[in-house]
Amino acid sequence: MQERTLTAEVAPSDEVTIAGWVHEIRDLGGIAFLILRDRSGKIQVKFEKDEMDDEIVQTGLDVPRESVISITGVADEEPRAPTDVEIVPTAIEVVSSADTELPLDPSGKVSADLSTRLDNRTLDLRKNEVKAVFQIRSEILRATRNAFRELDCTEINTPKIVATGTEGGTELFPITYFGEEAFMNQSPQLFKQLMIGSGLERVFEIGPIFRAEEHNTPRHLNEATSIDFESAFIDHTEAMDACEYVVTAAYEGVAQNCIAELETLGLSDEFSVPDETFPRITYQEAIERINATGEVDEQLLWGDDLPTDGERALGADVGSHYFITDWPSAIKPFYIKDHDDDETLSTGFDMMHPQMELVSGGQREHRYEHLVDGFEQQGLDPEQFEYYTKMFRYGMPPHAGWGLGGERLVMTMLGLENIREAVIFPRDRQRLSP
Ligand code: ATP
Ligand code: MG
């Protein structure tokens, strides 16, 4: 391709070729301006009608907005231009013309509802404030990967097509796999645990999870990105330390490397990196505090799941990220270990943002007999999970870990109202395309 200079890199007196989208055309009569946009920013192109080749003027001013064009010209200093330089074109080419009627206005002057935006994500991501969300998401992934490396983890990828789910039949999407029933995996839980007994010891995975949840909420997707961590020879408290470390690193990465994006989103002033120690409160304390807020219809009892309004009331009370620990074993999955001195008490924990759950984790049951009993108690057939339990007979160290919802991290960090804004092409009850 012809060499191209990004608009942000154009300096006065350069002879350059720039290429990008027609953001705006302002025709003032004898003089007209075209604003060209590329990934680095925008630049002004000046058309002095009497002094320029008619064909260049006509091509430049007749091209529909949002078309892709390429312009060659000389850059002049121009203090009145948005970037202090403007281009006087000597050649112009329409590379790809856009329809004059667009389903979405990328300049944002005409607002669009979320559904229209999601149907036209390509156009939607031409808007700076939408693009910024995904640049920040990208930084969050980079920073979390980096934090995991600092924790000496190996990145793994586990299968998404599986024979059995992590927690049995609920919330699984069935598929046909060469004539056999299979499922889309709802969590890498069992696979990452299998790697604990391998030579890797410490692993992480960032990948999709699939959940056939029927409900339509602002914080659930049917395909989400799970940021998973698992390590040998640590307990649940050390897993919580790792969780604080990784989540804080994500915030730090954004604070350091996404200054312009935060400004675009109007978050520069309010954005702050959380303190690395998140308060740890027990489930017992959590239900007592929720009950004391008076925000729940019925007083919570030991063993109840925390209702959404209860979580919110507690979150407002705590006012920062926090952990809920020591859950009743009965409401945590079978692969989570109980406390050694109390079988009714689980080592499971949740890490909460004031508005919602971000992480679930715990120490795992690594003792073969206890694990098999756990399957039976949960009404699952241990034979179906033999590929998993078997490896616990060949030397499986104690271990702990967690799963963090990637979109929920983006959403809570940026104060997005709907989780669908944190994923480019969301999958939900209504949406299977694009
Ligand atoms: P919730 O109770 O909020 O539905 P969960 O307890 O069922 O979540 P886990 O199985 O604990 O979810 O999964 C670990 C993390 O993955 C959650 O804390 C959340 O951040 C994220 N997550 C789980 N399910 C979804 C989903 N359907 N959409 C988006 N994120 C999800
Ligand atoms: Mg959970």
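What follows is a set of questions and answers about the structure shown above.

Modeller: Before you ask, please note that this is a predicted model, in which local features need pLDDT of at least 70 and side-chain atom pairs count only at pLDDT 80 or more, while totals for chains, interfaces and linings use all residues. Residues are numbered from 1 along each chain as its sequence is written, chains are lettered from A and ligands numbered from 1 in the order in which they are written, and side-chain values use heavy atoms, with hydrogens and water left out.

Colleague: Which residues coordinate the magnesium ion (ligand 2)?

Modeller: Donors are N, O and S atoms within 2.8 Å of the metal (3.2 Å for Na, K and Ca), and water is not among the atoms, so sites may look incomplete. With that in mind, the contacts to the magnesium ion lie at 2.2 to 2.3 Å, and they come from Glu357 (OE) and Ser360 (OG).

Colleague: Under which feature name does UniProt list Glu357, and in which strand is glutamate 357 found?

Modeller: UniProt positions are given in the numbering used here, with shortened feature names, and annotations may be inferred rather than shown by experiment. The unreviewed UniProt entry lists Glu357 under "binding site". Helices (H or I, at least four residues) and strands (E, at least two) are DSSP runs, numbered from the N terminus, and the strand that holds glutamate 357 is S17 (residues 356-363).

Colleague: How does glutamate 357 count by its relative accessibility?

Modeller: Buried means under 20% relative accessible area, exposed over 50%, and partly exposed in between (1.4 Å probe, protein chains only). Serine 360, with 29% relative accessibility, falls in the middle class. Glutamate 357 has 24% relative accessibility, and therefore it counts as partly exposed.

Colleague: How many salt bridges does a search of the whole structure find?

Modeller: A salt bridge is a side-chain nitrogen of Lys or Arg within 4 Å of a carboxyl oxygen of Asp or Glu. With this criterion, the number found in the whole structure is 31.

Colleague: How many residues apart in sequence are the parts that glutamate 86 and lysine 46 tie together?

Modeller: The side chains of glutamate 86 and lysine 46 form a salt bridge (2.8 Å, N to O), and both residues are buried. Because glutamate 86 belongs to strand S5 (residues 85-96) and lysine 46 to strand S3 (residues 41-48), the parts that this pair ties together are apart in sequence by 40 residues.

Colleague: With which arginine does glutamate 155 form a salt bridge whose closest N and O atoms are 3.7 Å apart?

Modeller: Glutamate 155 meets arginine 145 in a salt bridge at 3.0 Å, N to O. Glutamate 155 lies in strand S6 (residues 154-155) and arginine 145 in helix H4 (residues 128-150), so that pair ties together parts 10 residues apart in sequence. The salt bridge at 3.7 Å is made by glutamate 155 with arginine 149.

Colleague: In what order do the three strands of the open sheet stand?

Modeller: Two strands pair if DSSP finds at least two bridges between them. Five bridges join S8 to strand S9 (residues 180-184), the two running antiparallel, and phenylalanine 173 stands opposite methionine 184 in S9. The three strands form an open sheet with antiparallel pairing, in the order S7-S9-S8.

Colleague: In which segment does serine 13, with its positive phi, lie?

Modeller: Most residues other than glycine have a negative phi, and most peptide bonds are trans. Serine 13 is not a glycine, yet its phi is about 70 degrees, and with a relative accessible area of 63% it is exposed. Serine 13 lies in the segment before strand S1 (15-27).

Colleague: Where is phenylalanine 233 placed?

Modeller: Phenylalanine 233 also has a positive phi, near 60 degrees, and at 55% relative accessibility this residue counts as exposed. Its place is in the loop between strand S11 (223-232) and helix H6 (236-257).
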